[in-house]
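The sequence and the structure are shown first, and the discussion follows.

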Amino acid sequence: MGNAMRGVIAFIPSKHCQRFLVGDLKEMPLDRTLDLSSRQLRRLPIAACFFDELVKLYLSDNNLSSLPAELQGLRKLQLLALDFNCFEELPAAVCRLTQLNILYLGNNKLYRLPGELGELKELNTLWLEANYFTEFPDVVCELPNLKTLHLGYNQIRKIPKELVGLEELRSIWLAGNELSEFPPVLLEMHFLAVIDVDRNKIRRFPCLSHLKGLKLIIYDHNPCINAPVVAEGVRRVGRWADSSDDEEEDDASKPVSETTAEVKELPTEGE
C-alpha cells in the first residue's frame, strides 16, 4: 500500500505531495547524511540542494532520470549514490562535485560518460555495473586517485592500454562482459590486488605470477582451457582453483569434458 501510494504521488508535483515522499527538509541532518533512497522520486527536491554542509547523499532505488543544476552547490559532498535509477546520461551537476570520493551509478541506462567526469580528481570508488556500456568509458583513465572500479555486467569487449596510468587502482571488477581475452593492460598493472573477469568469453589465461600485488583473481564461468598461474598466496576462484600448477599444465592438454579437477564455487562479492 505504501509503495503504491508513493508511486501515484510521485507524479504530482505539489509541495504537499513532495513532502509526503521525502519528509520536511528544513534542517540539515546532524550527521551530514541525507538518505532519500526508495522513495519513488522522479525529481530531487531543490530543498535537498541547500544543505551545503552535506557529506553523503543517497538517492538509490528511485525513478530519477535528471538532477537539478542546484546540486552542484553541495561542495562538500563526498559520497553520492545514484544506483538503481533511470539515468541515460550523467547529469552535468555531478561532474562539478569536486570533493566526491565515492560515486555509485550501477543499474541505470548509461552508455557513455561525459568528459567532464575527469574533473573529479578525488574520486576513489566508481561503480558502473549493469549499465549499457559497449565500450570502456575512456574518461575513467583520467581519474588519478581511483582505487576501485566496478564495470561488471555491461557489454565491454576491450580494456584500453591507458588504464595502466591509474597507479592507485587496486580492484577492478569486469564480470559479465564480452571479453574474449584476458585484458593485456592488466598484465602491466603490478599494483592490482583484485581482478574479476568472471562470466566472460576468455579461453586461455596468461601467467599472472609476476603480479606481486595480486591477492584475488576471479575467473569462473569462462570457456577457458587452463587456470591462471599465480604467485604463492593468491586466491583463485574458478575451474581448477584447487589444482597445483603442475596439474593444471596436464589438465590444459585435455578437453574440458575429460578434466576431473574439482570446480570450486566461491563468493564473488567484493570489497
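Is Arg32 buried, exposed or partly exposed? With a relative accessible area of 34%, Arg32 is partly exposed, since the cut-offs for that class are 20% and 50%. The model in which this residue is seen is a predicted one.

## Overall composition

The protein chain holds three helices and 10 strands. Read from the N terminus, the order of elements is α-α-β-β-β-β-β-β-β-β-β-β-α.

Of the 271 residues in the protein chain, 48% are buried. The chain exposes about 13,500 Å², and carbon and sulfur atoms supply 49% of that area. Among contacts between residues at least 6 apart in sequence, 24% join residues at least 24 apart.

## The sheet

The 10 strands of an open sheet follow the order S1-S2-S3-S4-S5-S6-S7-S8-S9-S10, and their pairing is parallel. Strand S1 (33-35) and strand S10 (235-237) stand at the edges; each has a single partner strand, so one side of each is left without a neighbour in the sheet. From one strand to the next, the twist averages 5°.

Strands of a sheet pair through backbone hydrogen bonds, in either a parallel or an antiparallel sense. One of the pairs here joins strand S2 (residues 56-58) to strand S3 (residues 79-81), in the parallel sense and over three bridges. Within this part of the sheet, Lys56 stands opposite Leu79 in S3.

## Aromatic pairs and a charge over a ring

How many aromatic pairs are there? The count comes to three. In one of them, the rings of Tyr104 and Trp127 have centres 5.9 Å apart and planes at 65°, so the pair is edge-to-face. Tyr104 belongs to strand S4 (residues 102-104) and Trp127 to strand S5 (residues 125-127), so this pair ties together parts that are 23 residues apart in sequence. Tyr104 counts as partly exposed, at 24% relative accessibility.

Another pair is formed by Phe205 and Tyr219, whose ring centres lie 5.4 Å apart with planes at 65°, so this pair is edge-to-face. Phe205 lies in the loop between strand S8 (194-196) and strand S9 (216-218), and Tyr219 in the loop between S9 and S10; the pair therefore ties together parts that are 14 residues apart in sequence. Phe205 and Tyr219 are both buried. Together with Phe182, Phe205 and Tyr219 form one aromatic cluster. Elsewhere, Arg239 lies over the face of Trp240, at 5.5 Å from the ring centre.

Ile217 has its place in strand S9. At 0% relative accessibility, Ile217 counts as buried, because that value is under the 20% cut-off.

Which residues are in contact with Ile217, leaving aside its neighbours within four places in sequence? They are Phe182, Ile195, Val197, Leu208, Pro228, Val230, Val234, Arg235, Arg236 and Val237. Phe182 is also a member of the aromatic cluster with Phe205 and Tyr219. The C-alpha atoms of Ile217 and Gly238 are separated by 8.6 Å, and the two residues are 21 residues apart along the chain.

## Loop residues

Where does Leu30 lie? Its place is in the loop between helix H2 (15-22) and S1. Leu30 is exposed, with a relative accessible area of 88%, a value over the 50% cut-off. Leu30 and Glu53 are 23 residues apart in sequence, and their C-alpha atoms are 9.9 Å apart in space.

Arg32, with which this report began, has its place in the loop between H2 and S1. Arg32 has a positive phi of about 60° although it is not a glycine. A positive phi is found in Ala130 as well, near 55°, again in a residue other than glycine. Ala130 lies in the loop between S5 and strand S6 (148-150). At 24% relative accessibility, Ala130 counts as partly exposed.

Note on methods: Residues are numbered from 1 along each chain as its sequence is written. This is a predicted model: local features need pLDDT of at least 70, side-chain atom pairs count only at pLDDT 80 or more; totals for chains, interfaces and linings use all residues. Side-chain values use heavy atoms; hydrogens and water are left out. Two strands pair if DSSP finds at least two bridges between them. Helices (H or I, at least four residues) and strands (E, at least two) are DSSP runs, numbered from the N terminus. Axes are lines fitted to C-alpha atoms, for helices over the stretch in contact, and angles run from 0 to 180 degrees between N-to-C directions. Buried means under 20% relative accessible area, exposed over 50%, partly exposed in between (1.4 Å probe, protein chains only). Contact means heavy atoms within 4.5 Å. Accessible areas come from the Shrake-Rupley method with a 1.4 Å probe; for residues, only the protein chains shown count as cover. Rings of Phe, Tyr and Trp (its six-membered ring) pair if their centres lie within 6.5 Å; planes under 30 degrees apart count as stacked, over 60 as edge-to-face and the rest as tilted. A charge sits over a ring if NZ of Lys or CZ of Arg is within 6 Å of the ring centre and within 35 degrees of the ring normal.
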